[in-house]
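Visitor: I am new to this structure and would like to learn how to read the surroundings of a ligand. Could we go through it step by step?

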Amino acid sequence: MCLFCDIVAGKIPSTKVYENDYVLCFKDINPVAPIHVLVVPKKHFDDMNGLAADPEGALYSAEITKAIAEVAKISGVSEAYRTINNCGEDAGQTVKHVHFHVIGGTSLTEKLI
Ligand code: 5GP
Ligand code: ZN
């Protein structure tokens with residue numbers, strides 16, 4: 001089991017923002033902006049590559065996309081938010097369970113792209 005599997009299973013507490021059969025979305029423990037929510041599939045995929053390669057990858061990707069928009073709406077940042085996925089250690093991935101950061105609530109000026 002990994003950290004986010006334990007959070008999905010309720011073994012480790014989190015501050016839930018949104019949940020359905022496919023995803024759990026909860027506040028990041030170390031937020032970088034006023035809104036910083038993690039969108040996490042309930043099925044374990046190591047990273048974006050694992051998600052893409054899995055037979056259920058398309059299903060979960062669609063659910064993740066809808067959940068990202070729902071989280072932005074619930075959080076009141078639908079008009080302006082940033083979604084980030086880090087894939088691989090050199091890209092900054094520290095938890096090996098694919099997840100998407102939804103960040104907003106402030107002016108997001110610093111950017112690589
Ligand atoms: P990564 O660096 O893998 O893209 O993102 C991992 C994120 O998970 C980090 O932003 C980190 O703050 C967050 N995180 C790590 N451990 C926990 C935890 O136990 N609870 C919550 N809510 N977030 C966590
Ligand atoms: Zn996991």
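Guide: Let us begin with one contact: a backbone N or O atom of Gly92 lies 2.8 Å from an oxygen atom of ligand 1, which is a polar contact, meaning a pair of N or O atoms within 3.5 Å. This is a predicted model, in which local features need pLDDT of at least 70 and side-chain atom pairs count only at pLDDT 80 or more, while totals for chains, interfaces and linings use all residues. Residues are numbered from 1 along each chain as its sequence is written, chains are lettered from A and ligands numbered from 1 in the order in which they are written, and side-chain values use heavy atoms, leaving out hydrogens and water.

Visitor: How much of ligand 1 does the protein bury?

Guide: Accessible areas come from the Shrake-Rupley method with a 1.4 Å probe; taken alone, ligand 1 exposes 520 Å², and the protein buries 82% of that.

Visitor: Which other atoms lie close to the ligand's polar atoms?

Guide: A polar backbone atom of Ile29 is 3.2 Å from a nitrogen atom of ligand 1, and an N or O atom in the side chain of Asn86 is 2.9 Å from an oxygen atom of ligand 1.

Visitor: How many residues surround ligand 1?

Guide: A residue is near a molecule if one of its heavy atoms lies within 4 Å of it; here 16 residues surround ligand 1, and the closest are Lys27, Asp28, Gly92, Thr94 and His101.

Visitor: Which element gives the most to the shell around ligand 1?

Guide: Helices (H or I, at least four residues) and strands (E, at least two) are DSSP runs, numbered from the N terminus; α1 gives the most, with 3 residues.

Methods:
A polar contact is a pair of N or O atoms within 3.5 Å; within protein, one must be able to donate a hydrogen and the other to accept it, and residues adjacent in sequence count only if both atoms are side-chain atoms.
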